[in-house]
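The following exercises are to be worked with the sequence and the coordinates at hand. Each task is followed by a solution that goes step by step.

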Amino acid sequence: MTHALADQPAVEYGHVEHVTVHFDDLDAMGILHNARYAVLLERALVPYWSERGLAFRGVDTPPDLFHAVREFRISYRTPIAYTGPVAVHFWLEHLGTTSAEYAFEFRSTDGRTVHAEGRRVIVRLDRATLRPTPWTEAARAVATTLLRPTA
């Protein structure tokens with residue numbers, strides 16, 4: 001479940017999506033389990049792409065959604081020790097011919113506390129060969145809106 005909250009932090013690039021931390025996402029110490037960050041990132045990315053016409057639709061799923069995660073790296077800063085919304089700020093650091101590198105931050109909804117930060121690299125695959133294949137122009141058009149401006 002995502003949230004469009006009035007206090008959503010403004011960002012200069014990328015996008016912020018609010019996702020919900022549920023009680024069953026917490027570990028025995030009452031903090032967000034480390035493995036749940038990848039799931040919550042996915043839950044932040046899906047609405048962004050879906051609202052722009054690239055949504056999972058079974059056999060009619062756009063080919064750009066057939067991709068694999070090549071790398072996932074995360075650094076934990078301040079534990080999330082609550083249920084409710086958390087802000088996920090994500091953007092693209094690089095858009096290649098067949099790959100894309102996301103960077104992301106998990107923040108409090110007011111933007112003041114950084115809970116975690118990291119990167120996720122994906123590679124678009126051909127469904128038949130499972131080999132890297134170029135992004136379509138439709139996906140590239142959406143992806144470029146997420147690119148962080150270079151200095």
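## Exercise 1: Aromatic pairs

Task: State how many aromatic pairs the structure holds, and describe the pair of F72 and F104.

Solution. Step 1: The structure holds eight aromatic pairs, where rings of Phe, Tyr and Trp (its six-membered ring) pair if their centres lie within 6.5 Å, and planes under 30 degrees apart count as stacked, over 60 as edge-to-face and the rest as tilted. A pair of aromatic rings is described by the distance of the centres and the angle of the planes.

Step 1: For F72 and F104 the centres are 5.6 Å apart and the planes make an angle of 20°, a stacked pair.

Step 2: This pair joins distant parts of the chain, with F72 in strand β3 (residues 67-76) and F104 in strand β5 (residues 99-107), 32 residues apart. Helices (H or I, at least four residues) and strands (E, at least two) are DSSP runs, numbered from the N terminus.

Step 3: F72 is partly exposed at a relative accessible area of 34%, whereas F104 is buried at 1%. Buried means under 20% relative accessible area, exposed over 50%, and partly exposed in between, with a 1.4 Å probe and protein chains only.

Step 4: Ring pairs link F72 and F104 with Y37, Y76 and F106 into a cluster.

The model is predicted: local features need pLDDT of at least 70 and side-chain atom pairs count only at pLDDT 80 or more, while totals for chains, interfaces and linings use all residues. Residues are numbered from 1 along each chain as its sequence is written, and side-chain values use heavy atoms, with hydrogens and water left out.

## Exercise 2: The surroundings of Y102

Task: Determine which geometry the aromatic pair of F90 and Y102 has, and which residues Y102 is in contact with.

Solution. Step 1: F90 and Y102 pair edge-to-face, at 6.4 Å centre to centre and 70° between the planes.

Step 1: F90 lies in strand β4 (residues 84-95) and Y102 in strand β5, so the pair ties together parts that are 12 residues apart in sequence.

Step 2: Both partners are buried, F90 with a relative accessible area of 0% and Y102 with 4%.

Step 3: Apart from neighbours within four places in sequence, Y102 is in contact (heavy atoms within 4.5 Å) with L45, W49, F90, W91, L92, G118, R119, R120, I122 and L146. For one of these, L146, the C-alpha to C-alpha distance from Y102 is 8.9 Å, at 44 residues apart in sequence.

## Exercise 3: Residues in loops

Task: Locate A81, V59, H22 and L130, and state whether each is buried, partly exposed or exposed.

Solution. Step 1: A81 is placed in the loop between β3 and β4 and is exposed at 51% relative accessibility. Leaving aside neighbours within four places in sequence, A81 is in contact with G30 and I31. A81 and V21, 60 residues apart in sequence, have their C-alpha atoms 9.5 Å apart.

Step 1: V59 is in the loop between α1 (36-50) and β3, where it counts as exposed at 81% relative accessibility. Its C-alpha atom is separated by 39 Å from that of D110, 51 residues apart along the chain.

Step 2: H22 belongs to the loop between β2 (15-21) and α1 and counts as partly exposed at 36%.

Step 3: L130 is in the loop between β6 (114-124) and α2 (137-143), and is exposed with a relative accessible area of 52%. Its phi is near 60°, a positive value in a residue other than glycine.

## Exercise 4: The overall fold

Task: Give the order of the elements, and explain why the protein is as compact as a globular protein of its length.

Solution. Step 1: The protein has two helices and six strands, in the order β-β-α-β-β-β-β-α from the N terminus.

Step 1: The radius of gyration is 16 Å, close to the 15 Å that the globule rule gives for 151 residues, so the protein is as compact as a globular protein of that length. The radius is taken over C-alpha atoms, and the rule is 2.2 Å times the number of residues to the power 0.38.

Step 2: The C-alpha trace spans about 45 × 35 × 25 Å along its principal axes, and buried residues make up 41% of the 151 residues.

Step 3: Of the contacts with a separation of 6 or more, 65% are between residues 24 or more positions apart.
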